[in-house]
Amino acid sequence: MKIAPSILSADFAALGEAIAGVEAAGADLLHVDVMDGHFVPNLTIGPPVIESIRKRTRLPLDVHLMIEEPERWVETYIKSGADCVTVHVEASAHLERTLTLIREAGARSGVALNPSTPPEVLQYVLDDLDLVLVMSVNPGFGGQSFIPTTYEKIRRLRAMLADRPVLVSVDGGVKADNAGPLAQAGASVLVAGSAIFGAPDPGAALVALRSASEVPRRA
């Protein structure tokens, strides 16, 4: 299981120190939420902050674009330091073209699915994916409660992917008490914001989350 701390819940006044702490604790990658105030009702960060983060860490950056017309910004975020760019299927009118653009620009391609979006919408782009991000809350804000139908969605997605080497990431309300069931359902990346950065010791919280996910997977 890979653990991806989401910096949306970190203290932005001490972001460098927060990132260093989770990197030292064994984080596998960093999840960076970009919101435009249109596709989701919130505003976060842009390319200059990505550039600054890139200078402070060796961890891969999974940049999650919760923005309208993401294809207009893909190359900018990759040049800023994104290793993987994840776009929402609901935000891109020409999804295959956007995924191709991401790969041609030198990054890994990801697609995010909102809670009400079925995995079957990915049927004709399965071979263009490196990562699928299953949203287990409605995007736009941190600290929301986990939506239980996520487990079944992950199982259906895993069946669709078959033996393709695609990461299945889960974002929203991820905590130690659902880490095990998510692993059993087929998740391979846990994105956690408040569960890590909201804890008194974020490094210890990260280790505890990974430990909770290490349960026998279903055959």
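Arginine 156 comes out as partly exposed, at 35% relative accessibility; here buried means under 20% relative accessible area, exposed means over 50%, and partly exposed is whatever falls in between (1.4 Å probe, protein chains only). This is a predicted model, so to speak of local features a pLDDT of at least 70 is needed, side-chain atom pairs count only at pLDDT 80 or more, and totals for chains, interfaces and linings use all residues. Residues are numbered from 1 along each chain as its sequence is written, and side-chain values use heavy atoms, with hydrogens and water left out.

Back to arginine 156: its partner in a salt bridge is glutamate 120, with the closest N and O atoms 2.7 Å apart. A salt bridge here is a side-chain nitrogen of Lys or Arg within 4 Å of a carboxyl oxygen of Asp or Glu. The pair ties together distant parts of the chain, 36 residues apart: arginine 156 sits in helix α5 (residues 150–161), and glutamate 120 in the loop between β5 (108–113) and β6 (131–135). Helices (H or I, at least four residues) and strands (E, at least two) are DSSP runs, numbered from the N terminus. Glutamate 120 is partly exposed as well, with a relative accessible area of 37%.

Searching the whole structure turns up seven salt bridges. One of them joins the side chains of arginine 210 and aspartate 28, at 3.0 Å from N to O. That pair also links distant parts of the chain, this time 182 residues apart, with arginine 210 in helix α8 (residues 202–213) and aspartate 28 in the loop between α1 (15–24) and β2 (30–35). Arginine 210 counts as buried at 18% relative accessibility, whereas aspartate 28 is partly exposed at 27%. Another salt bridge brings together the side chains of arginine 72 and glutamate 69, at 3.4 Å from N to O. Arginine 72 is exposed, at 57% relative accessibility, while glutamate 69 is partly exposed at 41%.

As for the sheet, eight strands line up in an open arrangement with parallel pairing, in the order β1-β8-β7-β6-β5-β4-β3-β2. The edges are β1 (2–5) and β2, each of which pairs on one side only. Two strands are said to pair if DSSP finds at least two bridges between them. Neighbouring strands of this sheet are turned by 25° against each other on average, direction ignored. Axes are lines fitted to C-alpha atoms, for helices over the stretch in contact, and angles run from 0 to 180 degrees between N-to-C directions.

Strand β6 is mostly covered, with five of its five residues buried. In a regular strand the side chains alternate between the two faces of the sheet. In β6, Leu131, Leu133 and Met135 point one way and Val132 and Val134 the other, and all are buried. On one side, β5 and β6 pair in the parallel sense over four bridges, and valine 111 stands opposite valine 132. β6 also pairs with β7, again in the parallel sense, over five bridges. In that pairing leucine 131 stands opposite leucine 167, and valine 132 has valine 168 as its bridge partner.

Strand β7 (residues 167–171) is mostly covered too, four of its five residues being buried. β7 pairs with β8 (residues 189–192) in the parallel sense over three bridges, and valine 170 stands opposite leucine 190. Together with helix α6 (residues 176–185), β7 and β8 make a right-handed β-α-β unit; right-handed means that, with the strands pointing away from the viewer, the path from the first strand over the helix to the second runs clockwise.

Helix α5 comes back into the picture with threonine 150, which is found in that helix. Threonine 150 is buried, at 4% relative accessibility. Its side chain reaches the backbone oxygen of isoleucine 147 at 2.7 Å. Leaving out residues up to four places away in sequence, threonine 150 touches Val134, Met135, Ser136, Val170 and Leu182, where contact means heavy atoms within 4.5 Å.

Definitions and conventions. A polar contact is a pair of N or O atoms within 3.5 Å; within protein, one must be able to donate a hydrogen and the other to accept it, and residues adjacent in sequence count only if both atoms are side-chain atoms.
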